[in-house]
Amino acid sequence: MNPPLDVARIKKDFPLLDVEVDGRPIVYLDSANSTQKPRSVIDAMTRFMETSYAPINRSAYKLAAEATDAYEGARTKARQFINAPRAHELIFTKNATEGLNLVAYSWGRSNLRTGDVVVLTHMEHHANVVPWHILASERGIELRWVPLTPDGRLDLTGLDRLLDGAKAFCFTAMSNVVGTINPVRHLADAAHAAGALAIVDGCQFVPHNPTDVQAMGADFFAFSSHKLCGPTGLGVLWGREELLEAMPPFLGGGNMIADVRLDGFTPAELPDKFEAGTPPITEAIGFGVALDYLSDLGMTNVRRHEMEIAGYALTMLKERFGDEITIHGPTNLEVRGATVSFAFRDLHPHDVSQVLDQSNVYVRAGHHCAKPLMRQLGVSATCRASFYLYNDTADADALAAALDGAADIFGP
Ligand SMILES: Cc1ncc(COP(=O)(O)O)c(C=O)c1O
């Protein structure tokens, strides 16, 4: 049995959690959006810029060679973190959005023709919807959609029919709105049985769960550094080697070429082929340290902690507010994370979040870049409290106390 997370100690690792606004502490419940950063990440990036900064790949001097090693070291850490077979299958992108666009543009444009089918789900983030819409309107591709059950899980009853003749099945491993954790292996197997690729959005899954892209059976897998304690400006796209090898470059420019002539160019080997221009060097250093931080805590421990806090929050909010609160998504903790979307009375989520802000309780209100899912839920927006490894039950209690304040302001 692994030890539980020592949240009091963990909180001390995150300088921002110590910041007071209007003389009072803050309660940060917006980690599904972006997480706070531990001191080790901040220090590593500062130290690198103060003592070791140099451009990578192009210069022969010592600092540049060391910076290149550090950048590639982050790729190796990321490979280990998601158990990918080979480091050069990991492409550093700007964020998960760019990774998913890379797949749609490069793999999609070279493999999909008019009449081909791509299957998506109603719970996708716009980053895994709009690139396919763009391609669909350009190429005449048919998009099919996996619906949801009333409690916010994928309704898989008609999956085989939807996948019939499909070339790709694009789905999130975990919903950014209702917290549902999808059965990725099952979905990937179904995709493969139909002759389709499994293109997985791992943006919400990787920060909260042990990840093994090989066990999942994914073909492509994208996630972002800033959602797992790392800096903004860096994402990862992992893809199976033979798929990436066969794909044309996405962006053209420096670093991604082996040769450039007047009559054309020869792309570089992986991963450079997909890393045009000067990459996010300092960010990669920070990302690697964020992965170290999570690995030291242990992702199994992180997952267990979040199950506990989700269980506490769901029960406590329901007991305290009864019919005044509607919590979207599954109640079974085995298939959900600690991302809690809710409606409070008939108040607009923006009003609720503004009142919570007066108590320094930071949640996100809006459509969460998941408008198809909002339509399924029959709402235009939700309030979303997303808990992470630095949140404890006191933070859930603070949310409840702040909701009491909203009830006071808006009356019975
Ligand atoms: C499920 C999911 N996919 C993709 C994204 C896009 O991530 P990014 O904005 O880092 O590209 C997000 C961000 O919220 C997300 O939650």
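Helices (H or I, at least four residues) and strands (E, at least two) are DSSP runs, numbered from the N terminus. This is a predicted model, in which local features need pLDDT of at least 70 and side-chain atom pairs count only at pLDDT 80 or more, while totals for chains, interfaces and linings use all residues. Residues are numbered from 1 along each chain as its sequence is written, and side-chain values use heavy atoms, with hydrogens and water left out.

The protein holds 14 helices and 17 strands. Its radius of gyration (taken over C-alpha atoms) is 22 Å, close to the 22 Å that the globule rule (2.2 Å times the number of residues to the power 0.38) gives for 412 residues, so the protein is as compact as a globular protein of that length. Of the 412 residues, 55% count as buried, that is, under 20% relative accessible area, where exposed means over 50% and partly exposed in between (1.4 Å probe, protein chains only).

Helix α12 covers residues 349–358, and its buried residues are Pro349, Val352, Ser353, Val355 and Leu356. Seen down the helix axis, these buried residues fall within an arc of 160 degrees (that of the directions from the axis to the C-beta atoms), so they line one face of α12. The face turned away from that buried side carries the exposed residues Gln354 and Gln358. What covers the buried residues, through contacts (heavy atoms within 4.5 Å), includes the strands β14 (339–344), β15 (361–362), β16 (364–366) and β17 (382–386), together with helix α14 (393–410). α12 is followed by Asn360, whose phi is positive, near 60 degrees.
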